[in-house]
Amino acid sequence: MIAVTAVEPSHQGQASERANESFERLAEPFRRELKVHCYRMLGSVHEAEDAVQETYLRAWRSFDGFDGRGSLRAWLYRIATNACLDALASRKHAQRLLPDQQAPVSVTVQMPEGAPPTEVAWLEPYPDSNLEGIADDLPNPEARYTSRQSVQLAFVAAIQQLPPRQRAVLLLCDVLGWAAAEAAALLGGSTASVNSALQRARETLAKRYPDGQPLIVPRPDPAQQKLLDRYLQAWEGHDLDGFVALLKEDATFTMPPWPLWYAGREAIGSFFAMAWTTCGGLRLVPTAANGQPAFAIYERTGADARWTAHSIHVLGLDHDAISTLTAFVPPDGPGLFRAFGFPLILPDAASAELLSTPPHHS
């Protein structure tokens with residue numbers, strides 16, 4: 001007879017604890033890049049966080065089935081991609097857009113009225129603090145885009161217009177540099193079907209990027225840093241002429257969640273000539289989003305009032321001028337502040353501390 005020895009509960013607990021520690025040690029280093037991948041898939045920093053949590057829960061539950069013969073990174077990307085596809089399938093709005101993708105340019109300069117539309121899901125910015133520690137170059141020769149290119153606000157907006165499966169294929173092949181056969185194994189289906197989806201996705205992006213890919217946006221040089229300093233001074237001083245002088249002649253301004261958007265220095269200046277008559281004091285805290293310079297904007301309505309979260313501005317620079325300004329304004333804007341590590345209320349002491357911190361422009 002073969003004796004069966006029962007495992008003491010304490011031994012079971014110790015084994016489970018060791019398994020948890022092993023999983024965390026092996027999987028945790030991939031969390032940041034998985035979150036960026038989920039953001040590209042979903043277009044929302046909040047949904048990306050939820051998708052990563054779901055990814056790690058699924059991975060932990062099935063970790064015993066991971067045989068170690070394949071790549072843990074690829075295994076986690078498979079789980080993360082499927083978690084995103086499931087989220088997109090259950091989502092009311094399949095796409096997250098910016099206003100210039102959803103409506104024609106506004107001809108009449110006016111202030112938004114009423115409440116913003118709820119039938120559109122808007123793209124969210126991604127804090128550069130979440131990009132720290134992620135390689136900023138091509139993962140391998142098969143990749144078409146650097147990690148910096150593929151997180152730019154305009155690029156993420158463009159790929160949101162792709163069907164979910166095409167979006168996943170493009171990210172796996174052209175951003176991560178996977179072979180079509182590897183993507184097919186992850187997503188299910190044939191290599192031919194993946195190549196077909198990839199071709200259609202590339203054709204769609206070619207309409208936005210005739211040269212094949214977005215420009216590589218360098219980090220702000222000293223002259224551009226001075227431009228950003230002038231932007232801060234103009235906004236805090238309500239210096240309309242100073243602000244307009246920083247814009248390119250054909251600059252664009254969008255302000256999700258409102259569908260209105262404006263093109264051209266004159267139209268943008270006319271809008272802010274009205275907008276700044278209704279706002280109180282402004283305080284800008286430099287930050288960075290999507291590999292681009294950004295600011296967190298606080299507003300107060302009186303000398304004794306508190307500084308409250310208002311909006312996140314993401315800027316696109318073209319040499320010595322601002323080419324795009326995307327302002328994530330109320331009612332949605334304040335909800336982004338915690339993702340950037342900023343409080344909703346900025347007391348004077350905290351304000352001084354934040355403003356004394358060097359800018360986080362990437």
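**View 1. Helices α7 and α8 of this predicted model are oblique to each other.** Helix α7 (residues 164–175) packs against helix α8 (residues 180–187) at about 135°, with the axes 10 Å apart. Axes are lines fitted to C-alpha atoms over the stretch in contact, and angles run from 0 to 180 degrees between N-to-C directions; angles under 35 degrees count as roughly parallel, over 145 as roughly antiparallel, 65 to 115 as roughly perpendicular and the rest as oblique. Arg-165, Ala-168, Val-169, Leu-172 and Cys-173 of α7 make the contact with Ala-180, Ala-183, Leu-186 and Leu-187 of α8 (contact: heavy atoms within 4.5 Å). Helices are DSSP runs (H or I, at least four residues), numbered from the N terminus.

**View 2. Tyr-39, Trp-75, Leu-76, Leu-170, Tyr-298 and Ile-312 touch the most other members of the largest nonpolar core, which has 73 residues.** Helix α4 (residues 72–90) gives the most to this core, with eight residues. Such a core is a set of buried Ala, Val, Leu, Ile, Met, Phe, Trp, Tyr and Cys residues joined through side-chain atoms within 4.5 Å.

**View 3. Ser-44 lies in the loop between α2 (31–42) and α3 (45–61).** Ser-44 is buried, with a relative accessible area of 1% (buried: under 20%, exposed: over 50%, partly exposed in between; 1.4 Å probe, protein chains only). Beyond neighbours within four places in sequence, Ser-44 contacts Tyr-39, Arg-96 and Glu-124.

**Notes.** Residues are numbered from 1 along each chain as its sequence is written, and side-chain values use heavy atoms, with hydrogens and water left out. In this predicted model, local features need pLDDT of at least 70 and side-chain atom pairs count only at pLDDT 80 or more, whereas totals for chains, interfaces and linings use all residues.

Conventions: Helices (H or I, at least four residues) and strands (E, at least two) are DSSP runs, numbered from the N terminus.
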